[in-house]
Amino acid sequence: MTRGRRARPLWWVPSLAIMGVIWWLSAQPQTPGPSLEHPRDWIAHFLAYLSLAFCLGRATGRRGLALVIAAWFGALDEVHQSFVPPREAGVQDWLFDVAGAWLGVRLAVRRPGRAAPEPDAAVHPA
């Protein structure tokens, strides 16, 4: 018996779109919109990677694979961001990425429940 759900390939479309938006935002010297200082930027990281991992979880049907892809993408994006002046990369940002991704895959790929025990077919005397 396999764990999780079946893969749904169309979920790769929003997954890749979210990855593209994250990458584009990281390439900007200033993030569009209001300034996000701690802890608001951590909330943004958490929600972005929750969304990404949810889509990846649906695309792959596998919690572990979706989490690894999201975590690696988060790490790669932090490295990418470190080359964009005046942006900085941070381990704390990445930890919020991973925390959001963990929750996202948990919501996207539920483990199948245990089957209820079958009732006895025999009739017990009263």
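How many aromatic pairs does the count come to? It comes to four, where rings of Phe, Tyr and Trp (its six-membered ring) pair if their centres lie within 6.5 Å, and planes under 30 degrees apart count as stacked, over 60 as edge-to-face and the rest as tilted.

This is a predicted model, in which local features need pLDDT of at least 70, side-chain atom pairs count only at pLDDT 80 or more, and totals for chains, interfaces and linings use all residues. Residues are numbered from 1 along each chain as its sequence is written, and side-chain values use heavy atoms, leaving out hydrogens and water.

Select tryptophan 42 and phenylalanine 96. Their rings are stacked, 5.2 Å centre to centre with 0 degrees between the planes. Tryptophan 42 belongs to helix 2 and phenylalanine 96 to helix 4, so the pair ties together parts 54 residues apart in sequence. Helices (H or I, at least four residues) are DSSP runs, numbered from the N terminus. Tryptophan 42 is buried, at 17% relative accessible area, while phenylalanine 96 is partly exposed, at 32%. Buried means under 20%, exposed over 50%, and partly exposed in between (1.4 Å probe, protein chains only).

Next, select tyrosine 49 and phenylalanine 73. This pair is tilted, with 6.5 Å between centres and 40 degrees between planes. Tyrosine 49 sits in helix 2 and phenylalanine 73 in helix 3, 24 residues apart. Both tyrosine 49 and phenylalanine 73 are buried.

Glycine 61 takes a positive phi of about 75 degrees.

Definitions and conventions
Helix = DSSP H or I, 4+ residues; strand = E, 2+ residues; numbered from the N terminus.
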